[in-house]
Amino acid sequence: MERRAWPVRHGTTVVQILVVAGAYYGAARLGLLQELVRGQVTPLWPPTGIALAALLLLGTRVWPGIALGAFLVNISLGPSLLVVLVIVAGNTAAPMLSYQLLRRAGFRVRMDRLHDAVALVCLGALTGMLVSTTVGSGVLVLSGALRAADFWPTWAVWWTGDAMGVLVITPVLLLLSAARWPPAARIRPYRWAEAALLGGCTFAVTELAVSSSMNLLFLVSPCLIWAAFRFERAGAAPCALLVSTVAIVAAAERSGPFAHHDLFTNMVTLQAFNGITALTALLLAALVTERRTTHREIQRVVTELSHAVSRLESDASAGPWPPPRRQEPGDGDT
């Protein structure tokens, strides 16, 4: 039995590694559509979100899939094989570091606590992705593929892309992994209508904000609040992804509030906006989820106490148990 289970387990792991590599490569090709530096640095790098989600859901045994996907993407982009291997090492080490930091912080993939949202933003995205950013930008400069003066603009775009991949892709994937489609009878039609209205309003408001020459990015906040309070994580994560994607496209095209600025300034602005967007959506959703979970727990405890009190009252009204023994004549006579 053990001999038969061993190849099955390893076969499953191989399949998972290949699936992760394929998903990483496919997401990378999509991300490269918005490249800004040297045909390979983009303000949204979805593979980092896929890599971290794979580690959180499947464990560290799938890390070769991350490395393989990164190699397949960069082999046609890098100036030399050595540079490609260094970039691949950085792209693999960054999500691994994020994973270890999140584990030490007690992160839960359900993301139903405020603690989880803060950990994902601060540790998973902003801290862990410093590795791939610094390694990748540094090796491109050292190899002569970039000028030394281009290090910081490249670094800013790279960090923005990797961090945004974690902030907007990982929550959606974790949400989908735990999703269970409820029976149609339990979903009221007005909820579908409200969800569609939320998506439409979020897209329209974000398009308006990034199309205007004035800085109107703050207008998306009510949509994020609406999503978090009414739909919790199921609404907050997709809305944050939608807002960030529209903003990234605008920054890549240098339109609206991203016009008339240099690349570094635009990336700092984009990183700050997307970071605040993800933080607002995830934190509010976590707060609402925690509040509702606590409310349900209080209701459960109150119900149990009510039943216990009812049982005690019922027992008291039925008299003492067991009933006292009837005293017969002569009992107690000496």
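Me: What kind of model is it, and how are the residues numbered?

Reply: This is a predicted model, where local features need pLDDT of at least 70 and side-chain atom pairs count only at pLDDT 80 or more, while totals for chains, interfaces and linings use all residues. Residues are numbered from 1 along each chain as its sequence is written, and side-chain values use heavy atoms, with hydrogens and water left out.

Me: How many helices and strands are there?

Reply: The chain has eleven helices and zero strands. Helices (H or I, at least four residues) and strands (E, at least two) are DSSP runs, numbered from the N terminus. Along the sequence the pattern reads α-α-α-α-α-α-α-α-α-α-α.

Me: How much of the chain is buried?

Reply: Of the 334 residues in the chain, 43% are buried. Buried means under 20% relative accessible area, exposed means over 50%, and partly exposed is in between (1.4 Å probe, protein chains only).

Me: What share of the contacts comes from residues 24 or more positions apart?

Reply: Taking contacts with a separation of 6 or more, 75% are between residues 24 or more positions apart. Contact means heavy atoms within 4.5 Å.

Me: OK, helices. How do H4 and H6 cross?

Reply: Helix H4 (residues 81-104) and helix H6 (residues 130-142) have axes that come within 7 Å and cross at roughly 170°. Axes are lines fitted to C-alpha atoms, for helices over the stretch in contact, and angles run from 0 to 180 degrees between N-to-C directions. H4 and H6 are therefore roughly antiparallel to each other. For the cut-offs, angles under 35 degrees count as roughly parallel, over 145 as roughly antiparallel, 65 to 115 as roughly perpendicular and the rest as oblique.

Me: Is that crossing left-handed or right-handed?

Reply: The crossing of H4 and H6 is right-handed. A crossing is right-handed if the near helix is turned clockwise from the far one by less than a right angle, and left-handed if anticlockwise.

Me: Which residues meet there?

Reply: On the H4 side they are Val83, Val86, Ile87, Gly90, Asn91, Ala93, Ala94 and Leu97, and they meet Val131, Ser132, Val135, Gly136, Val139 and Leu140 in H6. By class, the contact of H4 with H6 has ten nonpolar, four polar and no charged residues. Here Ala, Val, Leu, Ile, Met, Phe, Trp, Tyr, Cys and Pro count as nonpolar, Asp, Glu, Lys and Arg as charged, and the others, Gly among them, as polar.

Me: What about H3 and H4?

Reply: Helix H3 (residues 63-74) packs with H4 at an angle of about 140°, and their axes are 9 Å apart. This crossing of H3 and H4 is right-handed too. Residues making the contact include Trp63, Ala67 and Phe71 of H3 and Val88, Asn91 and Met96 of H4. The contact of H3 with H4 counts twelve nonpolar, three polar and no charged residues.

Me: Tell me about Met96. Which residues does it touch?

Reply: Met96 is in helix H4. Leaving aside neighbours within four places in sequence, Met96 is in contact with Leu55, Thr60 and Trp63. The C-alpha atoms of Met96 and Leu52 are separated by 7.4 Å, although these residues are 44 apart along the chain. Met96 has 22% relative accessibility, so it counts as partly exposed.

Me: Switching topic: how do H8 and H10 cross?

Reply: The axes of helix H8 (residues 189-211) and helix H10 (residues 233-253) come within 10 Å and cross at roughly 25°. That is why H8 and H10 are roughly parallel to each other. Their crossing is right-handed.

Me: Last one: what's up with phi at Glu232 and Arg254?

Reply: Phi of Glu232 is near 55°, a positive value in a residue other than glycine, and phi of Arg254 is near 55° as well. Glu232 sits in the loop between helix H9 (221-231) and H10, and Arg254 is in the loop between H10 and helix H11 (263-317).

Me: Are they buried or partly exposed?

Reply: Glu232 is buried, at 17% relative accessible area, whereas Arg254 is partly exposed, at 39%.
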